[in-house]
Amino acid sequence: MFYVSKVSPLFFLLALTNLLLSLLARSLGSDLALFSFLLVFGFIGTTLVGAMYQIVPNSQNRRLPLPWLSYLVFVLFLTSFLLAYGGMLAPASGLLLLASGIFLTHTLLGIKNWMPVTVKFLGASAFYIFLASLFLFLNLSFGLVPFQLAVHTLTVGAMLSAVYGVELAWIPMLLMETLNIRKARKLFFAKQASTILLLASFYLLEYRLIALASLFEIGVSLYFLYLIYSLIKGRRMPSPLPYVVRIFLVALAFLPLGLIVGSFLASRPELIGGALSLHVDLLVYGFTAFTIFGGMSHLLPRIIWNWRFAGSKGGKAPPVNELVDEKGFPRFLELSLVAFALFLYMDLSFYPLNVLSPLPYLLILGYFFRLTFIHLFRKLKEVRNGGGEEV
């Protein structure tokens with residue numbers, strides 16, 4: 001890594017905390033605004049900001065300008081969510097808007113080379129994070145735009161743009177294959193068109209238009225899956241897939257399913273109350289969360305290794321792959337899929353099973369935290385006790 005973002009792990013911890021609190025909020029029957037604030041902006045948005053503070057500077061081979069701004073953004077994010085925990089969503093959204101504006105400006109200052117398609121996707125994602133925060137503020141403070149517009153700007157706009165961009169860079173790198181750049185650029189422009197159409201339909205809150213725009217979004221997602229499938233099918237080295245790629249593939253299985261459910265709900269708005277949770281479960285707790293689990297498990301150990309050991313002289317520096325329990329992730333995927341199926345079943349059931357549905361998901365979250373964070377802390381402790389050099 002050319003640049004190490006020491007603030008990114010703080011964003012990751014805050015994001016996982018918000019994911020945990022979203023499970024508590026849904027179990028307690030909290031209002032939709034608080035639940036969405038925690039899950040969408042608290043978990044997804046916070047993860048994206050933390051990841052981009054690490055990925056964007058390295059995509060440019062240049063240090064992040066004014067790095068102290070990243071800590072200011074984190075403090076503003078943290079303060080915003082502390083207000084949200086207390087139920088003060090309107091002022092919390094104002095702080096989040098300020099933080100997102102600083103983040104967008106900070107990100108744009110760091111980008112000089114816009115040619116790579118991944119950079120284009122990440123730049124679009126940073127813009128959608130700011131736009132989603134603006135829509136959230138306008139809704140919670142003045143009721144000027146639909147709440148659904150803010151949520152889908154963050155999920156369909158920021159999250160999917162970031163996932164498409166990062167996976168089009170990481171998966172070829174991990175497989176040691178070459179991406180078809182021409183097709184990837186087509187995906188970028190198609191994605192921007194589908195996002196604009198979908199957000200316009202949510203602004204108008206016209207369900208027939210939302211259903212039509214959703215079909216376009218489904219088509220774009222299928223084209224992305226085709227690009228990933230082509231990379232895997234055409235690989236020249238038939239070795240086992242890296243665990244990160246396997247996690248990404250499991251996550252991607254939920255993407256078209258969640259989008260199809262969303263399109264169906266838009267075409268049958270009278271059913272939204274009963275099936276909305278399935279849409280959220282598949283796209284956020286399924287596709288988004290598992291993607292983040294894979295990305296975070298790959299990124300965090302490398303951040304810590306470069307922070308603590310890169311350039312050190314003497315002592316023992318562990319290989320970077322020892323900072324994550326790679327052998328434990330196949331078992332994690334097996335158990336997590338069983339737990340996630342149980343989570344879906346319980347959530348779609350009647351009381352009291354639906355209230356207890358977060359319990360199996362807590363097992364997924366706890367297992368991931370043990371494989372990634374606790375294993376990392378233990379390995380760092382072993383190195384310190386064994387005389388490894390501390391940086």
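Helix α6, residues 147-175, and helix α7, residues 181-204, have axes that come within 9 Å and cross at roughly 175°. The two helices are therefore roughly antiparallel to each other, since the cut-off for that label is an angle over 145 degrees. Keep in mind that this is a predicted model.

Which residues of α6 and α7 meet? On the α6 side they are Gln148, Leu149, His152, Thr153, Val156, Gly157, Leu160, Ser161, Tyr164 and Leu168. On the α7 side they are Ala184, Leu187, Lys191, Gln192, Thr195, Leu198, Leu199, Phe202 and Tyr203. By class, the residues of this contact divide into 11 nonpolar, seven polar and one charged.

Several of those names come back with Glu217. Glu217 sits in helix α8, residues 207-233. Is Glu217 buried or exposed? Glu217 is buried, with a relative accessible area of 1%. Setting aside neighbours within four places in sequence, Glu217 is in contact with Val156, Leu160, Lys191, Ser194, Thr195, Leu198 and Leu259.

Next, another helix pair. Helix α3, residues 68-85, packs with helix α4, residues 89-110, at an angle of about 165°, and their axes are 8 Å apart. That makes α3 and α4 roughly antiparallel to each other as well, and their crossing is left-handed. From α3, the contact takes in Leu69, Ser70, Leu72, Val73, Leu76, Phe77, Thr79, Ser80, Phe81, Leu83 and Ala84. From α4, the residues are Leu89, Pro91, Ala92, Leu95, Leu96, Leu98, Ala99, Ser100, Ile102, Phe103 and His106. Here the division is 17 nonpolar, five polar and no charged.

Ser133 lies in helix α5, residues 117-142, and at 1% relative accessibility Ser133 counts as buried. Beyond four places in sequence, Ser133 is in contact with Phe41, Leu96, Leu97 and Ser100. Leu96 and Ser100 are among the α4 residues that contact α3.

The other is Met52, found in helix α2, residues 32-60. Met52 is buried too, with a relative accessible area of 3%. What does Met52 touch, not counting residues up to four places away in sequence? The list is Pro57, Phe103, Leu122, Ser125, Ala126 and Ile129. Phe103 is one of the α4 residues in the contact with α3. For a sense of distance, Met52 and Pro358 are 306 residues apart in sequence and 29 Å apart in space, C-alpha to C-alpha.

Leu365 is buried, with a relative accessible area of 10%. Apart from neighbours within four places in sequence, Leu365 is in contact with Leu16, Leu19, Leu20 and Phe293. The C-alpha atoms of Leu365 and Lys379 are separated by 20 Å, and the two residues are 14 apart along the chain.

Last, confidence. The mean pLDDT of the protein is 92, and 95% of its residues reach 70 or more. Where does pLDDT stay under 50? That happens over residues 387-391, for which the model has 18 contacts beyond four places in sequence.

Technical notes
Residues are numbered from 1 along each chain as its sequence is written. This is a predicted model: local features need pLDDT of at least 70, side-chain atom pairs count only at pLDDT 80 or more; totals for chains, interfaces and linings use all residues. Side-chain values use heavy atoms; hydrogens and water are left out. Axes are lines fitted to C-alpha atoms, for helices over the stretch in contact, and angles run from 0 to 180 degrees between N-to-C directions. Helices (H or I, at least four residues) and strands (E, at least two) are DSSP runs, numbered from the N terminus. Angles under 35 degrees count as roughly parallel, over 145 as roughly antiparallel, 65 to 115 as roughly perpendicular and the rest as oblique. Contact means heavy atoms within 4.5 Å. Ala, Val, Leu, Ile, Met, Phe, Trp, Tyr, Cys and Pro count as nonpolar, Asp, Glu, Lys and Arg as charged, and the others, Gly among them, as polar. pLDDT is the predictor's confidence in each residue, from 0 to 100. Buried means under 20% relative accessible area, exposed over 50%, partly exposed in between (1.4 Å probe, protein chains only). A crossing is left-handed if the near helix is turned anticlockwise from the far one by less than a right angle, and right-handed if clockwise.
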